[in-house]
Amino acid sequence: MEFMAWFTHKYVMHGFLWSLHADHHKKDHDSWFERNDAFFIFYAVVSIGCFLLWQKGILEIGISIGLGIFAYGLAYFIVHDIFIHQRFKLFRNANNIYAKGVRRAHKMHHKHIGKGDGECFGMLFVPLKYFKQK
């Protein structure tokens, strides 16, 4: 799932659907919600669709795909929305090597306000250079 998320983030969110993702990089609104949250809804619908196709006997691997999308979505919500961006004030004191590395990599990703010249499109697996102590 991490590769699919990286690919989608780099080529879809920073590509032809930048109009939905842009407000995540440059907050140009007062709402708690972002246009970027539409991706969360889209993947929830895909996951539910896979479960339903499996339940009806149409797609045998639908349960695996649906669970994979659900599990990554839950990880995204916890790591990205709660831990990194603090949309809910939880996990503020996490201060281990992995936490610091993920935060550094995401900070480097967000230093680019435009859709081009980005870096660190992954979320759970980031380049080792961000885990080194300063």
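## A loop residue to start with

Let's begin with Phe 91, which sits in the loop between α4 and α5. What you are looking at is a predicted model. In this model Phe 91 has a positive phi of about 55 degrees, even though it is not a glycine. Why point that out? Most residues other than glycine have a negative phi.

## How α3 and α4 pair up

Now for the helices. Helix α3 covers residues 37-55 and helix α4 covers residues 62-84. Their axes are 7 Å apart, and they pack at an angle of about 155 degrees. Angles over 145 degrees count as roughly antiparallel, so α3 is roughly antiparallel to α4. The crossing of α3 past α4 is left-handed.

Which residues of α3 meet α4? On the α3 side they are Phe 40, Tyr 43, Val 46, Ser 47, Cys 50, Phe 51 and Trp 54. Over on α4, the partners include Ile 63, Ile 65, Leu 67, Ile 69, Phe 70 and Phe 77, and glycines such as Gly 62, Gly 66 and Gly 73 are in the contact too. Sorted by class, the residues of this contact come out as twelve nonpolar, four polar and no charged.

By class, the contact of α4 with α5 has five nonpolar, two polar and one charged residues.

## Two cysteines

How many disulfides does the structure hold? The count is zero. Still, two cysteines are worth a look. Cys 50, one of the α3 residues that meet α4, has 9% relative accessibility; under 20% counts as buried, so Cys 50 is buried.

Cys 120 is found in the segment after α5. Its relative accessibility is 13%, so Cys 120 counts as buried as well. The backbone at Cys 120 has a phi near 55 degrees, a positive value in a residue other than glycine.

Conventions:
Residues are numbered from 1 along each chain as its sequence is written. This is a predicted model: local features need pLDDT of at least 70, side-chain atom pairs count only at pLDDT 80 or more; totals for chains, interfaces and linings use all residues. Side-chain values use heavy atoms; hydrogens and water are left out. Axes are lines fitted to C-alpha atoms, for helices over the stretch in contact, and angles run from 0 to 180 degrees between N-to-C directions. Helices (H or I, at least four residues) and strands (E, at least two) are DSSP runs, numbered from the N terminus. Angles under 35 degrees count as roughly parallel, over 145 as roughly antiparallel, 65 to 115 as roughly perpendicular and the rest as oblique. A crossing is left-handed if the near helix is turned anticlockwise from the far one by less than a right angle, and right-handed if clockwise. Contact means heavy atoms within 4.5 Å. Ala, Val, Leu, Ile, Met, Phe, Trp, Tyr, Cys and Pro count as nonpolar, Asp, Glu, Lys and Arg as charged, and the others, Gly among them, as polar. A disulfide is a pair of cysteine sulfur atoms within 2.5 Å. Buried means under 20% relative accessible area, exposed over 50%, partly exposed in between (1.4 Å probe, protein chains only).
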